[in-house]
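Reader: I would like to learn how to read a few computed features of a model. Please take them one at a time.

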Amino acid sequence: MPLDLVTVPCLRDNYAFLIHDAQTGATAVIDVPETGPILDALRSRGWSLTDILITHHHDDHIAGVGDLRKQTGARTWGARADAHRLPDLDHALVEGDTLVVGDQRGTVIDVPGHTLGHIAFHFPDASLVFTADSLMAAGCGRLFEGSADVMWQSLTKLAALPPQTLVCSGHEYTASNIRFALSLEPDNPALISRSKRVAAAREDGRPTVPSVLSDELSTNPFLRATRPEMKAVLGMTGASDAECFAEIRRRKDRF
Ligand code: ZN
Ligand code: FE
């Protein structure tokens, strides 16, 4: 049974997501930048919230959690490592833990780098992964708390998921990420075609999130740190994947 997925634009450029298991009626939200758009999305579908899943401690992902929990009584799940700086949790999670939304099983993947306690939620049967500010559409989160090595380990885990997985990331940053990607690989045909699709979506006001992992593998410069052609562009032929990732991240920070 697939899960219904709804992308909910919040604040200026954040995304929250709803997943709904039609079989059981269970509905979870992933991240709560603010409550209004999430409550509207629930009401318009007649869904009632059962679970709140938190990816990381930044305010633009958790600001509405307390209020939404009070209004809905939803169970709240987040990283044990960050329990001291997250809203009150009903379930404190570590890597490999399982959580259940209706009949759907999700697993927790540690993805530190943007923050140290950042986690992702993978629902293998529905081919969904919620990555927030770790792996992003055509990009990755800034390194606020972790080193480049730590983030590279995290991205490597996500890149190994099945290629048809939908990557549900936390922000609408794709167009500027693509501009950076094109500065490194102006002749990458997959990137050129994605850049056209992204431009068309933004012109129509459609989100570019979620994206498909296979598109990330062929166009996201951070995941392409393993490729000889990317290493050549960086002048780093023979360097390790992690060193190339670190250099791409440095260049993006200055872009
Ligand atoms: Zn963040
Ligand atoms: Fe964020």
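Author: We start with the largest cavity, whose volume is about 40 Å³. This is a predicted model, in which local features need pLDDT of at least 70 and side-chain atom pairs count only at pLDDT 80 or more, while totals for chains, interfaces and linings use all residues. Residues are numbered from 1 along each chain, and side-chain values use heavy atoms, with hydrogens and water left out.

Reader: How is a cavity found, and how many of 30 Å³ or more does the search find?

Author: Rolling a probe the size of a water molecule over the atoms shows where empty space is left. On a 1 Å grid over the protein atoms alone, a cavity is a set of points where a 1.4 Å probe fits but cannot get out, and lining residues have an atom within 4 Å of a point. Points are joined across faces, edges and corners, and the volume is the space filled by probe spheres set on them. Here the search of the whole structure finds one cavity of 30 Å³ or more.

Reader: Which strand gives the most to the lining of the largest cavity?

Author: Strands are DSSP runs (E, at least two residues), numbered from the N terminus. Strand 10 gives the most, with three residues. Strand 2 (14–20), strand 10 (128–132) and strand 13 (166–169) each supply at least two. The lining includes Tyr15, Phe130 and Cys168.

Reader: How many disulfides does a search of the whole structure find?

Author: A disulfide is a pair of cysteine sulfur atoms within 2.5 Å. The search finds zero. Cysteine 10 is in no disulfide, and the nearest cysteine sulfur, that of cysteine 168, is 14 Å away. Buried means under 20% relative accessible area (1.4 Å probe, protein chains only). Cysteine 10 counts as buried because its relative accessibility is 1%, and cysteine 168 is also buried at 1%.

Reader: Which residues coordinate the zinc ion (ligand 1)?

Author: Donors are N, O and S atoms within 2.8 Å of the metal (3.2 Å for Na, K and Ca); water is not among the atoms, so sites may look incomplete. The zinc ion (ligand 1) has His56 (NE2), His58 (ND1), His114 (NE2) and Asp133 (OD) at 2.2 to 2.3 Å. Aspartate 133 also coordinates the iron ion (ligand 2), 3.0 Å from the zinc ion.

Notes:
Chains are lettered from A and ligands numbered from 1 in the order in which they are written. On a 1 Å grid over the protein atoms alone, a cavity is a set of points where a 1.4 Å probe fits but cannot get out, and a pocket is an open set with protein on both sides within 12 Å along at least five of seven lines; lining residues have an atom within 4 Å of a point. Helices (H or I, at least four residues) and strands (E, at least two) are DSSP runs, numbered from the N terminus. Buried means under 20% relative accessible area, exposed over 50%, partly exposed in between (1.4 Å probe, protein chains only).
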